[in-house]
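Biologist: Could you walk me through the charged pairs and the pocket in this one? I'd like the cut-offs as we go.

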Amino acid sequence: MGDTSSLPAPRPRWMTALAVFCLVTVVFLVPRDLFFPATRDVEVWFGFEVHGRAALLTAPLHWAIFLLGAYGFWFQRPWILPAAAAYAFYVALSHLVWSEASPNGHGWVAGLAQALLLSVPGVLLLRARRATPRGGALG
């Protein structure tokens with residue numbers, strides 16, 4: 001019999017779900033950012049809205065982030081869990097800033113509630129990373 005110790009661990013379902021989520025997000029974002037004026041003309045970075053040409057030019061950065069996430073989760077790259085956790089915390093902080101800085105926001109209380117809720121995936125991703133053996137396959 002052959003040695004099966006070098007075979008990668010099967011990808012956990014939750015990681016497959018996150019890869020699919022990232023890919024579906026790109027499929028949703030690209031047409032939205034290119035063809036629908038109400039959303040095409042606004043992007044949010046670090047909680048601050050950019051409009052018009054700046055929004056259109058920076059939208060591909062969001063697509064790239066989610067494509068990289070899809071790749072990382074699908075192929076179980078060791079960097080994906082800390083990177084995805086960091087992105088989740090970035091999104092949480094951005095919601096807090098946006099809620100206070102944007103005229104479309106609903107104030108710091110709503111922003112804090114959103115930030116706390118959106119931090120949960122970051123915490124779960126960090127816990128999954130701690131449960132992964134160092135140098136071992138993700139899962």
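Predicted model: local features only at pLDDT ≥ 70, side-chain atom pairs only at ≥ 80, totals over all residues.

Modeller: Residues are numbered from 1 along each chain as its sequence is written, and side-chain values use heavy atoms, leaving out hydrogens and water.

Biologist: How many salt bridges does the structure hold?

Modeller: Side chains of opposite charge can pair when their charged atoms come close. Here a salt bridge is a side-chain nitrogen of Lys or Arg within 4 Å of a carboxyl oxygen of Asp or Glu. R40 and D41 meet that way at 3.6 Å, N to O. R32 pairs with D33, their closest N and O atoms 3.0 Å apart, and the structure's total is 2.

Biologist: Is D33 buried or exposed?

Modeller: Buried means under 20% relative accessible area, exposed over 50%, and partly exposed in between (1.4 Å probe, protein chains only). D33 has 0% relative accessibility, so D33 counts as buried.

Biologist: Which element supplies the largest share of the lining of the largest pocket?

Modeller: Helices (H or I, at least four residues) and strands (E, at least two) are DSSP runs, numbered from the N terminus. The elements that each supply at least two lining residues include α1 (13–35), β1 (42–45) and α4 (80–101). The largest share, 10 residues, comes from α4.
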